[in-house]
Amino acid sequence: MDWKEVLRRRLATPNTDPNNQKSEQELKDEEMDLFTKYYSEWKGGRKNTNELYKTIPRFYYRLPAEDEILLQKLREESRAVFLQRKSRELLDNEELQNLWFLLDKHQTPPMIGEEAMINYENFLKVGEKAGPKCKQFFTAKVFAKLLHTDSYGRISIMQFFNYVMRKVWLHQTRIGLSLYDVAGQGYLRESDLENYILELIPTLPQLDGLEKSFYSFYVCTAVRKFFFFLDPLRTGKIKIQDILACSFLDDLLELRDEELSKESQETNWFSAPSALRVYGQYLNLDKDHNGMLSKEELSRYGTATMTNVFLDRVFQECLTYDGEMDYKTYLDFVLALENRKEPAALQYIFKLLDIENKGYLNVFSLNYFFRDEIFDMVKPKDPLKISLQDLINSNQGDTVTTILIDLNGFWTYENREALVANDSENSTDLDDT
């Protein structure tokens, strides 16, 4: 019985003996004695339970300070050993080939065209023979995930094998990136990612033609895309998880393909032609050859039709050095203007358009650039202001920002009906010929 209940009952029992009536002080003393007795018994009974609390493992270890060199080295070595062990747990090329052989041997007829299939029974048999490293892939959950509309309840062997390959690649890449995570906190700083890409360059055949003197500019160009889109709050670090989840790493590693088409290289920000194009534009704009861009020099960017008020805002809001823009700031500018449909690019441009720093665009802000008919295009929740979310939700963000910052874009929008009519006439003329 609970000690509190025992004490309560003991004190609630009335004393009916008139010759044995106790004073108020005596009752209090008795109450305290009973409390001490029963509480001590209860506490003694829980002694073993309390002992368990002393066995809780330590779950927090502070990071070594900068002056604790030995602890830092110990942490680095421990992490390296851990990552090596994780790497050994992954399937190597020989094990992947063996897995493919087993899958092909246990395929379940009939084939669908040229695609081999496998049912769940044979799937489990392969799992038993493939070895312990493959165990994680041969689950009901994975099978169900890849099961589509096959009338025999089978999955494609090729799809399953690609699934395994993708998982192995993700783990390998995660381990590779983690080796550059100096802090060991699951994120990469700008210098960490720079080191990763610099050491990756020799493994990418499509970058074989790059001069070593250009490496630092290439690394800066590549790293900037990761940080522009994955670090919108400008914290100076990116989660490794976010790097793996986006497509940028796929684009970068696509450069391993020695037969990558010219078209693919032109649309890939990380390709040599693309990096040389961006850096070449920067050099062409830099007329005084001081390695920086003034507002006048930047005004010739693209078709040289950006409005003066927009350029003023760029140099007011962006990081400059004595009123001039360096290459890193220029890259942010280019990424924003070349990707105007992306939320990160809209956020960049929105900050420039929000001249009063209110978090929304009102009639005054838009009149400051051009005209307030933009409200009709965006249809914001509040008829007097446009938020960043309104701009993203409207699916007109690229058009709106082009109108506001580019004279040519504004002219194109204003004359869109005439342009469509001219296109139709030209099409008709071609058909007639």
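C134 is buried, with a relative accessible area of 1%. C220 is buried too, at 15%. Buried here means under 20% relative accessible area, exposed means over 50%, and partly exposed lies in between, for a 1.4 Å probe and protein chains only. A search of the whole structure finds zero disulfides, a disulfide being a pair of cysteine sulfur atoms within 2.5 Å.

The model is predicted, so local features need pLDDT of at least 70 and side-chain atom pairs count only at pLDDT 80 or more, while totals for chains, interfaces and linings use all residues. Residues are numbered from 1 along each chain as its sequence is written, and side-chain values use heavy atoms, with hydrogens and water left out.

Empty space was examined next. Rolling a probe the size of a water molecule over the atoms shows where such space is left. The search used a 1 Å grid over the protein atoms alone. A cavity is a set of points where a 1.4 Å probe fits but cannot get out. A pocket is an open set with protein on both sides within 12 Å along at least five of seven lines. Lining residues have an atom within 4 Å of a point. Points are joined across faces, edges and corners, and a volume is the space filled by probe spheres set on them.

The count comes to one cavity of 30 Å³ or more. The largest cavity has a volume of about 30 Å³. Its lining consists of E89, L90, L91, K133, Q136, F137 and V168. Four of these residues are nonpolar, one is polar and two are charged. Ala, Val, Leu, Ile, Met, Phe, Trp, Tyr, Cys and Pro count as nonpolar, Asp, Glu, Lys and Arg as charged, and the others, Gly among them, as polar.

The largest pocket has a volume of about 560 Å³. It is lined by 23 residues, and R234, E317, C318, Y348 and K351 lie nearest its centre. By class, 10 are nonpolar, four polar and nine charged. At least two lining residues come from each of α10, α16 (308–317), α17 (327–338) and α18 (343–353). The largest share, six residues, comes from α18. Helices (H or I, at least four residues) and strands (E, at least two) are DSSP runs, numbered from the N terminus.

T235 sits in the loop between α10 (215–230) and β4 (237–239). T235 is partly exposed, at 48% relative accessible area. Its side chain joins that of D231 through a polar contact of 2.8 Å. Such a contact is a pair of N or O atoms within 3.5 Å; within protein, one must be able to donate a hydrogen and the other to accept it, and residues adjacent in sequence count only if both atoms are side-chain atoms. T235 and R189 are 46 residues apart in sequence and 9.1 Å apart in space, C-alpha to C-alpha.
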